[in-house]
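Biologist: Can you walk me through this model? Keep it simple, please.

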Amino acid sequence: MSREDMMRILRLHPRVVDVRPSEDNNLGLITVLFDDGTSSGINPEMANPLTADESEEDRIARIHRTLDVMKANGKTSDQLSLQDVVPLVRSADYFAPRPDNAAPSVVAWLTDFIGLGLAIDEPDLLRIINDSQMPEQHDHFDDLQFQSQAIENLRTMAGNMTFSEIGLGPDVLVLDNPDGNEAAWFADVKTMESLLFHLWTQTDTYWVVIPARRSQLFLVNSETDQWDALLDLLTPAIDAHDGIHPVPHLIVDDHWVVKLPPRDTELGMKLRMLELQAQHRLHSAIQSVMQEHSEVFLATFEVRGLNDDVISTAIVAETMDETSVPSTDMLVFAREDNTIYLVPSDKVLNEFPHLVREHPNFHPPRWIIARPSDEDYTKLSALSIM
């Protein structure tokens with residue numbers, strides 16, 4: 001995006017009276033003058049879309065929220081009252097690193113696909129906390145404190161958790177509060193675990209939690225007969241700008257895990273397809289943001305049929321010295337002579353440790369696979385299911 005485009009968006013803010021290039025051209029900032037005479041510098045690269053599917057409306061709203069934070073709290077992080085934060089539950093691509101340090105700060109990963117950020121909930125605005133507004137050199141223990149503070153504030157602000165039916169009977173419920181940020185409860189594992197246990201005692205069946213959208217956190221009886229109708233609501237959330245990860249989750253050992261029915265059932269296959277579609281969208285969004293900043297080629301997350309099943313794959317080409325692959329069911333090793341080996345990913349990770357290393361700073365996780373030797377290819381051939 002151009003500087004002129006950023007300046008246009010800044011001028012749309014009701015409290016902005018003037019926008020001009022910064023006097024210090026070396027910084028490349030844009031100076032914003034507010035109606036009370038104060039000013040702030042803003043990086044024009046913030047005008048770049050935060051995610052691949054971010055709409056023009058959301059882009060403008062995000063930039064204006066940043067201006068609101070600057071206006072209310074000044075330019076330094078120590079002036080921002082981080083004691084007032086609440087949980088911000090979003091899909092992993094929402095927190096993708098950005099060169100201008102303007103990405104929302106993530107303090108925890110609730111799953112491989114869902115991150116926990118921070119926000120300040122005001123009457124008419126949810127102020128997102130960016131990396132630039134966090135204390136300098138905050139570490140893991142600081143982030144744990146912010147996480148605990150946010151959950152405590154959520155409980156205090158929201159009071160009693162409330163939920164209601166959505167027209168699909170008593171087996172499909174949705175959280176009602178806090179308005180516009182209902183998905184925040186997904187961060188409160190203890191409270192959600194107590195709620196799921198209570199629902200189980202009432203029905204003698206287990207319930208799942210589906211973080212579909214920022215304002216749509218479903219509680220679903222696993223034995224409901226309304227799954228088809230519910231899928232009609234969940235599928236559009238995959239590509240929605242406010243979608244999170246609309247698949248069923250359970251809490252196991254204090255952590256969220258995806259819980260699907262067996263894949264040899266009709267419902268299991270439908271939910272498996274929903275999961276793969278959600279993963280594909282998220283991986284594609286991350287790849288579009290990160291490829292130009294990665295020194296290693298990022299392989300694409302692909303979905304394909306295999307016998308009566310549907311699996312995820314990524315291609316490791318012999319022409320590449322190294323390939324970064326997402327977490328998939330299978331890895332495809334493609335040789336220059338067009339020979340193809342389809343190998344279960346867990347076997348590659350476990351039996352070829354000399355080829356594999358973790359790709360740092362990626363969510364969902366990725367692994368960097370070095371080009372196999374001829375001896376490695378011989379072993380891969382033995383493990384191939386094709």
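Modeller: A definition to begin with: contact means heavy atoms within 4.5 Å. Also, this is a predicted model.

Biologist: Where is T319 found?

Modeller: T319 is in the loop between β16 and β17, and β17 covers 322–326.

Biologist: Is T319 buried or exposed?

Modeller: Exposed means over 50% relative accessible area. T319 has 53%, so T319 is exposed.

Biologist: And what separates T319 from D239?

Modeller: Their C-alpha atoms are separated by 33 Å. Along the chain, T319 and D239 are 80 residues apart.

Biologist: New topic: sheets. What order do the strands have in the open sheet of four?

Modeller: The order is β15-β16-β18-β19, and the pairing is mixed.

Biologist: Which strands stand at the edges?

Modeller: Those are β15 (302–306) and β19 (340–344). Each has a single partner strand, so one side of each has no neighbour in the sheet.

Biologist: How are neighbouring strands of this sheet turned against each other?

Modeller: On average, by 40°, with direction ignored.

Biologist: In which sense do β18 and β19 pair?

Modeller: Antiparallel, over five bridges. Strand β18 spans residues 330–334. In this pairing, M330 stands opposite P344 in β19.

Biologist: What holds strands together in general?

Modeller: Strands of a sheet pair through backbone hydrogen bonds, either parallel or antiparallel.

Biologist: Which helix lies across β15 and β16?

Modeller: That is α6, residues 266–290. Helix α6 runs at about 30° to β16, which covers 309–317. Helix α8 (residues 374–383) packs on the sheet too, touching β18 and β19. The direction of α8 makes about 70° with that of β19.

Biologist: Helices next. How do α5 and α6 pack?

Modeller: They pack at an angle of about 5°, and their axes are 12 Å apart. Helix α5 is residues 227–234. Angles under 35 degrees count as roughly parallel, so α5 is roughly parallel to α6.

Biologist: Which residues make the contact?

Modeller: From α5, the contact uses W227, D228, L231 and L234. From α6, L267, K270, L271 and L274 take part. Six of the contact residues are nonpolar, two are charged and none is polar.

Biologist: Last topic, aromatics. How many aromatic pairs does the count come to?

Modeller: The count comes to five aromatic pairs. One of them is Y94 with F95. Their ring centres are 5.5 Å apart and their planes are at 80°, so the pair is edge-to-face.

Biologist: Are Y94 and F95 buried or exposed?

Modeller: Y94 counts as buried, at 9% relative accessibility. F95 counts as buried as well, at 6%.

Biologist: What do F186 and W256 form?

Modeller: F186 and W256 form a stacked aromatic pair. The rings are 4.2 Å centre to centre, with 10° between the planes. F186 lies in the loop between β9 (172–175) and α4 (189–203), while W256 lies in strand β13 (residues 255–258), so the pair ties together parts 70 residues apart in sequence.

Biologist: Buried or exposed, for F186 and W256?

Modeller: F186 is buried, with a relative accessible area of 0%. W256 is buried, at 6%.

Biologist: Which residues form one aromatic cluster?

Modeller: Y94, F95 and W109 do.

Key. Residues numbered from 1 in each chain as written. Predicted model: local features only at pLDDT ≥ 70, side-chain atom pairs only at ≥ 80, totals over all residues. Heavy atoms only, no water. Pairing = 2+ DSSP bridges. Helix = DSSP H or I, 4+ residues; strand = E, 2+ residues; numbered from the N terminus. Axes fitted to C-alpha atoms, helices over the stretch in contact; angles between N-to-C directions. Parallel < 35°, antiparallel > 145°, perpendicular 65-115°, else oblique. Nonpolar A, V, L, I, M, F, W, Y, C, P; charged D, E, K, R; others polar. Buried < 20%, exposed > 50% of the residue type's maximum accessible area, 1.4 Å probe, protein only. Phe/Tyr/Trp six-rings, centres within 6.5 Å; stacked < 30°, edge-to-face > 60°.
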